[in-house]
Amino acid sequence: MKYYSLNNKSHQVSFEEAVTNGLAPDKGLYFPIEIPKLPQSFFNSIESLSNTEIAFEIIKPFVGNEIPEKELKQIVSETLSFKFPLVKIEENVFSLELFHGPTMAFKDVGARFMSRCIAYFNREKNQKNVVLVATSGDTGGAVASGFLGVKGVEVVILYPSGKVSDIQEKQLTTLGQNITALQVDGVFDDCQDMVKKAFLDDDLKYKNLTSANSINIARWLPQMFYFFFAYKELKKHNKPLVTSCPSGNFGNICAGIIAKKMGLPIQHFVATTNANDTVPRFLENGKYEPKPSIATISNAMDVGNPSNFVRIQEMYNNDLKEFSNDFSSYTYTDEETKSIMKDIYSKFNYITEPHGAVGYLGLKKELKNYPENIGFFLETAHPIKFLDVVEPILGIKLDIPTQIESVLNKEQKSIKIKTYNELKEYLSK
Ligand SMILES: *Cc1c(COP(=O)(O)O)cnc(C)c1O
């Protein structure tokens with residue numbers, strides 16, 4: 001499969017180049033030149049396939065012959081070394097729990113897949129890649145864990161000092177080996193700006209910098225796997241499907257839409273946001289007007305200019321009407337989020353964290369338009385990752401899962417920086 005830059009269709013590269021560059025030289029996002037269609041027989045017999053078999057079939061055409069089947073199967077199987085339970089909350093409403101991986105956020109899937117692809121590409125090379133990533137919390141931990149010990153890769157994570165949760169900070173700063181955490185005196189946007197500047201800096205070209213945010217196709221594409229896993233479970237109900245994704249950079253929902261274009265029978269998508277409502281406003285008035293991000297309790301979705309939205313528009317040829325048939329987007333306040341978290345807990349004895357709760361709200365709203373359908377929302381992180389928010393709202397004490405316990409007593413190490421020059425100096429070492 002070849003990938004083109006969304007800024008220039010004639011600039012086409014291989015899967016390997018797209019993964020190791022992250023972004024095209026003209027700063028466009030990469031996009032596959034075609035979206036393969038899966039045969040009907042695949043969907044007819046999907047119940048008989050394991051998660052690894054399903055994922056292998058889906059990702060194979062996107063990788064082509066650049067990774068041999070045997071190795072690709074191995075990569076997929078290691079990526080999916082944990083469960084993806086679909087939990088019934090109430091009649092026709094399910095939670096797809098994506099948080100059973102090593103760092104307890106869905107980003108584990110993409111990070112594990114991407115790191116193993118890079119390891120494969122570096123197997124006989126002497127080159128080093130530097131994965132540079134800015135995080136508001138979850139991405140950094142998943143990338144650190146996914147890339148730990150991977151040959152030929154150095155990971156540098158920038159996080160805003162004092163702005164990530166204690167658990168998230170532990171996950172970023174305790175691994176050592178090829179992972180370095182830089183604690184930035186500033187907010188998330190400052191981290192993001194420094195990373196962008198580094199990618200554009202000609203003095204750092206020789207460093208082979210790449211990103212591990214969902215702009216990277218190897219982080220983004222595997223996120224379509226779990227939409228297929230949900231379908232496999234829900235198929236027996238014989239009802240059309242709606243799904244709701246709590247959305248920040250819109251990587252997850254964009255992967256879901258690719259799955260639909262490949263033939264996965266999901267009738268309708270809901271991108272649910274917090275106060276960062278650039279896309280809901282776009283669907284209302286047709287104007288795409290990004291805004292600076294607003295801080296909320298679902299902070300992994302505090303994104304004012306979602307980077308994957310251009311990919312979604314590409315799939316609909318910028319046709320707003322066709323797009324609106326398949327897609328809705330709603331925005332919710334922190335108050336609404338807190339209130340629904342309490343409701344879900346008291347009515348169904350189910351603990352959500354703020355991102356999943358926002359997803360639930362959007363799903364319930366959409367199901368009013370599709371009363372015959374069945375729906376699932378993505379529960380994108382384990383409540384423990386947002387314990388400072390979840391415990392006081394629900395008035396409960398959460399048990400600490402083993403994945404988290406194992407990092408709590410480890411020693412934290414990070415380097416404090418303030419300016420871009422300090423980052424550059426570090427990278428040039
Ligand atoms: C990253 C993240 C999101 C947003 O996902 P996108 O693919 O960027 O839309 C939602 N919830 C949690 C917990 C996250 O970490």
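First, the ground rules. Residues are numbered from 1 along each chain as its sequence is written, and side-chain values use heavy atoms, with hydrogens and water left out. Since this is a predicted model, local features need pLDDT of at least 70 and side-chain atom pairs count only at pLDDT 80 or more, while totals for chains, interfaces and linings use all residues. Helices (H or I, at least four residues) and strands (E, at least two) are DSSP runs, numbered from the N terminus.

I start with helix H3, residues 51-63, and helix H4, residues 69-79. Their axes come within 9 Å and cross at roughly 125°; axes are lines fitted to C-alpha atoms, for helices over the stretch in contact, and angles run from 0 to 180 degrees between N-to-C directions. H3 and H4 are therefore oblique to each other, oblique being what remains once angles under 35 degrees (roughly parallel), over 145 (roughly antiparallel) and 65 to 115 (roughly perpendicular) are set aside. On the H3 side, the contact (heavy atoms within 4.5 Å) is made by Thr 52, Ala 55, Phe 56, Ile 59, Lys 60 and Val 63. H4 supplies Glu 69, Leu 72, Lys 73, Val 76 and Ser 77. These residues divide into 6 nonpolar, 2 polar and 3 charged. Here Ala, Val, Leu, Ile, Met, Phe, Trp, Tyr, Cys and Pro count as nonpolar, Asp, Glu, Lys and Arg as charged, and the others, Gly among them, as polar.

The second pair is H8, residues 188-200, with H19, residues 420-427. They pack at about 50°, axes 10 Å apart, and are therefore oblique too. Met 194, Lys 197 and Ala 198 in H8 meet Tyr 420, Leu 423 and Leu 427 in H19. That contact has 5 nonpolar residues, no polar ones and 1 charged.

Last, the loops. Most residues other than glycine have a negative phi. Gln 177, in the loop between helix H7 and strand S8, has a positive phi near 45°. At 64% relative accessibility, Gln 177 counts as exposed. Asn 318 lies between helices H13 and H14, with phi near 55°, and counts as exposed at 59% relative accessibility.

Terms used
Buried means under 20% relative accessible area, exposed over 50%, partly exposed in between (1.4 Å probe, protein chains only).
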